[in-house]
Amino acid sequence: MLKSLIRYITFLKHLLSASCLLIIATSCSKSNKEERDHQVFRYNEHKNTTSLDPAFARNPENIWPINQLFNSLVQMNDSLIPQPDIAKSWEISADGLTYQFNLRTDVYFHKSPLFGKDSTRTVNATDFVYSFSRLKDPKVASPGSWVLNNVASYKALNDSLFQIQLRKPFPAFLGLLTMQYCAAVPKEVADHYGAEFRSNPIGTGPFYFKLWEENVKLVLRKNPNYHEVDDQNISLPYLEAVAITFLPDKQSEFLQFTQGNLDFVNSIDNSYKDELLTADGKIRPRYAERVNMMKGPYLNSEFLGFYLEGDNSAINSLKIRQAINYGFDRQKMITYIRNGIGFPAYSGFIPKGMPGFAEINGYQFKPEKAKQLINEYKRETGDLNPTITIATNSQYLDICEYIQRELQKVGLTAKVDVMPAVTLRQAKRTGKLDIFRGSWIADYPDPENYLSVFYSKNFTPGGPNYYHYSNPDFDALFEKSFTIVDKTERENLYTKMDSMVIADAPIVPLYYDQVVRFTQKNVDGLGINPINLLVLKRVKKSKF
């Protein structure tokens, strides 16, 4: 509590002066300061950024600033379609194993004295050889090294041609390459700083690194040599700077936003959701004139997971698992607990917004069906009081208690066990929980990302199959999907696999999440995408 108070006081101290102190020379006139300030985009990151090195772009608190500082071979548009970035074009061999990228020759690294007298240089194919090798280097210990697990080799054919050879076809590979892990990193700078490259980043992005006072503020400045332009051939970015603060309390963050000290707030928090939104998810009238809200699908499926190799006979019963799926009203849960944010998960595990999502037959609210299945289980097993325990952290307690109450109405005794998030993660990985609440957020936009968690060779603790779900027919289709290049055919296969999972009910899909963004009215061009990536190069701010 004391640490949070100290950080809040420090935050207030720096908040109003950050843009002027760090971006505007003290000799500027008041009018010039105001002009510059309205071109500074300000947001708060309530979780601390731990690294600005692309090799450690694991979480949004790192990914968001890294995305402003670096570029990769390809980038994802808001429709989740890979687009040119440093690579202006590419070719994929007919067997899906060889990818050849033709690089732009006008992409420059941010200035650094480590480049010599010119202070910069253009990116070339050997930079990607170095960056990929660095990503795989055990000494670097990047959490993103898995991205290259299916890569057999890579090489620079010349300065502008980079070739990658895969071990086996993987149609989602371009999507993997859009991840910030795969950004171009200059050898001269990264080797010089070693582990301290985390706080001395040099990239090619629309903004360059200016200052980072850890846990207090991070400032990025406009890159005047950035290679991208808009439809009118105007150089990007439009903003002069980005100022990020690190106030840990979400309610205090919201207060700063309502006072106009922040330009943007990501997502909705329980501490202020009823203050800002009506029960049906609309902005309350007192904020409507000052605040814009954007909503869209988010590649995040919220669910309950069953551990199928435990000792609880109720959990091991398909009828009980299906009864739980039928036994509560998902729409009611979204409306009254989530303020209308999210989509009821009536289909499979693959969420809305994911290319290949299909409206398969899942579980609607059917309390009589749930009662029937529970009674059949009781007759067949002699277990007259089946009991389940749902493990969750405090953030999702309201949802789990709602499900608990609803299940008791259909004859199933349910308990809720609240534990710290770290304890919950460890317990579900080691198979110590009968039922746990979970989230699955896509690393890359391909349904394989969701279906891999049910592949029997991915059992925990080595893989993401927390349920120890095993179905030979599913495994066969999953393996077959890697050999199919045609997008439509592959998506049809994914739909079949998703349907198998839902029929076997190793999970209870709760809802498909939504990206929710709030901005001040003078912010334009922010956009929204299903992976909730922050892209600031096309953002404009006007004067109020």
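Helices are DSSP runs of H or I at least four residues in length, and they are numbered from the N terminus. I keep that in mind for this first entry, in a model that is predicted: just after α15, Gly 431 takes a positive phi of about 75°.

**Entry on α15.** I looked up which residues of this helix, which spans residues 421-429, are buried, and I found Leu 424, Ala 427 and Lys 428. Seen down the axis of α15, these buried residues fall within an arc of 95°, so they line one face of the helix. I reminded myself that an α-helix has 3.6 residues a turn, so residues three or four places apart point the same way. I then searched for what covers the buried residues of α15, and the cover includes the strands β14 (387-392) and β16 (435-441).

**Entry on α12.** Which residues of α12 are buried? In this helix, residues 330-337, I noted Arg 330, Met 333, Ile 334 and Ile 337. They fall within an arc of 105° when I look down the axis of α12, and therefore they line one face of the helix. Among the elements that these buried residues pack against, I wrote down α11 (318-326), α14 (397-409) and β17 (507-520). I also checked both ends of the helix: at its start, a side-chain oxygen of Asp 329 reaches to within 3.1 Å of the backbone nitrogen of Gln 331, while α12 is followed by Asn 339, whose phi is positive, near 55°.

**Entry on α17.** For this helix, residues 472-481, I listed the buried residues as Phe 474, Asp 475, Leu 477, Phe 478 and Ser 481. They cover an arc of only 165° around the axis, which puts them on the same side of α17. The face turned away from that buried side carries Pro 472 and Asp 473, which are exposed. Looking for what covers the buried residues of α17, I found that the cover includes α16 (448-451) and α18 (487-504). At the N-terminal end, Asn 471 caps α17, with a side-chain oxygen that lies 2.9 Å from the backbone nitrogen of Asp 473.

Notes:
Residues are numbered from 1 along each chain as its sequence is written. This is a predicted model: local features need pLDDT of at least 70, side-chain atom pairs count only at pLDDT 80 or more; totals for chains, interfaces and linings use all residues. Side-chain values use heavy atoms; hydrogens and water are left out. Buried means under 20% relative accessible area, exposed over 50%, partly exposed in between (1.4 Å probe, protein chains only). Helices (H or I, at least four residues) and strands (E, at least two) are DSSP runs, numbered from the N terminus. The arc is that of the directions from the helix axis to the C-beta atoms. Contact means heavy atoms within 4.5 Å. A polar contact is a pair of N or O atoms within 3.5 Å; within protein, one must be able to donate a hydrogen and the other to accept it, and residues adjacent in sequence count only if both atoms are side-chain atoms.
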